[in-house]
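Welcome! Please take a moment to look over the fold, and then follow this short tour of a few of its parts.

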Amino acid sequence: MKGVKTLTRRGFVRFLFAFFACILAFPPAIVHAGVKKVKYVFLFIGDGMAFPQRMAAQNYKGEKLLMNKFPAQGMTTTYAANRFITGSAAAVTAIACGHKTDIGMIGITPDGKVIKSIAELAKEDGKKIGIITSTSLDHATPAGFYAHVPDRDMYYDIEIQLANSGFDFFGGGGFKDPTNKRHNSRHYVGNALDYMRSHGYTIINSKEAFERLHKGDDKVIVINPRLQPGDSLPYRIDQTPADITLAQLTKKAIELLDNPKGFFIMVEGGKIDWACHANDAVTSIKDTLALDEAVKVAYDFYKKHPDETLIVVTADHETGGLSLGFAGTKYASYFGVLHLQDMSYQRFTNDIVKPLKKKGYVTFDDVKPLITKHFGLKFEGDSSDPLVLKPYEVAQLKIAFEDSMKNARGKHDPYKYLLYGGYEPLTVTITHILDHHAGLGWTSYKHTGVPVPTSAVGG
Ligand SMILES: [Zn+2]
């Protein structure tokens, strides 16, 4: 990797494939073009993690992220074959298989040809394979490494293909459709979890059983004991010590997969994207930091095997149009105001707003102390305090509260869509205002075409 200053996605994929081609063609140590054999490969994908997400997390933390310190730093464009702004399925196909494809497709070309992923090639080469994500294990990004389907929503087919992959370790969230409730499977062969077991997999969903896993345990599927909507790992900000983190999964994967032929481990921070769709900066920042902690685990391994290890950190696209600057704060940034948020938009919606609505008669004055308690925003105080709300912001919150009570999320009203994007009106208005106070802006509830950073060390 020395001397490599920039990596486009195509260049990066070619680079990874070059490594594997070298390994396949020349099993002994040194290969052509001055590229050495690499035995251990870590690929980290921050879903929705572009430059703004990484810089926001870095400024929140107050020190450089490890991924931002890697010696090779490049920029990657992300467009799909048929759309400028990509989605996770087309993007992971580009990352894992080296081909641009159409929106929604996984592991196939636009005309339907199956393309082997880098993980499948590594498996054929005798390496052990680990796939880790904070989303469900059948979500687009992890599926890109083991599945080939024309539509990312074919979760049941994806689960069957997971069982057929023979990969050695899966860890993260659960499965979205083991009984084919969506009725979009091509061939139903029974409950997908049973199918996985019949193909030699052990499914674990307690932290104790996870901790007991040790070298020699093969074909393991680890599902976090507690899942948030979408059968996903809870957001980092909502996790407790009972949850299994991306860093812990990465550490365990290394322990189980280390062998003389090496391994390929993919780790996805999949909910950085989800938090950015919801325009919740703090939740996305904490999930970005959780991914950086997993990168640290890989980096500690790299330090012990520097000549045999490659670590690549990249992203599939930007989400939310996050910007590091806002009209209301001009040149100033106040990352400190973000430290008082104590739960995700998801938990605030489900655990605070929903029960209030159920109670029936609730006034705006009832929710003010909850906004202060969970987000730090104050309704009175010195106007120089960056946490004190301006009168027009209090008015915005009051309208959003009324829309929450009416369930007017803006799914069909174009103006309300701009305000809420289909999310819970009060919650999304709180995170917008808090993020504005920090000097952060949002422009979309979807992905954007902003390029993403790609960083690498080793190799
Ligand atoms: Zn997304």
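The zinc ion has D273 (OD), D273 (OD), H277 (NE2) and H447 (NE2) as its protein donors, at 2.1 to 2.4 Å; donors are N, O and S atoms within 2.8 Å of the metal (3.2 Å for Na, K and Ca), and as water is not among the atoms, sites may look incomplete. Along the chain these donors are spaced as D-x3-H-x169-H. D273 belongs to helix α11 (residues 271-277) and H447 to strand β10 (residues 447-448), so the pair ties together parts that are 174 residues apart in sequence. Helices (H or I, at least four residues) and strands (E, at least two) are DSSP runs, numbered from the N terminus.

The site of the zinc ion is irregular, with angles of 56 to 149° among its 4 donor atoms. Four donors count as tetrahedral if all angles lie between 85 and 135 degrees; four count as square planar and six as octahedral if opposite donors are over 155 degrees apart and all others between 65 and 115; anything else is irregular.

A word on the source: this is a predicted model, where local features need pLDDT of at least 70 and side-chain atom pairs count only at pLDDT 80 or more, while totals for chains, interfaces and linings use all residues. Residues are numbered from 1 along each chain as its sequence is written, and side-chain values use heavy atoms, with hydrogens and water left out.

Next comes the sheet. It is open and mixed, with 9 strands in the order β2-β11-β8-β1-β7-β3-β4-β6-β5; two strands pair if DSSP finds at least two bridges between them. At the edges are β2 (72-76) and β5 (202-204), each pairing on one side only. Strands β1 (residues 40-46) and β8 (residues 309-315) pair in the parallel sense over 7 bridges, and V41 has L310 in β8 as its bridge partner. Helix α2 (residues 51-61) lies across β2, β8 and β11 (452-458), at about 70° to β11.

Here are two helix pairs. Axes are lines fitted to C-alpha atoms, for helices over the stretch in contact, and angles run from 0 to 180 degrees between N-to-C directions. Contact means heavy atoms within 4.5 Å.

| Helix pair | Axis distance | Angle |
|---|---|---|
| α15 (residues 391-406) and α17 (residues 425-438) | within 7 Å | roughly 160° |
| α2 and α12 (residues 281-304) | 9 Å | about 90° |

Among the residues where α15 meets α17 are L397 and F401 in α15, and I430 and I433 in α17. In the other pair, α2 residues including A56 and Y60 meet α12 residues including I285 and L289.
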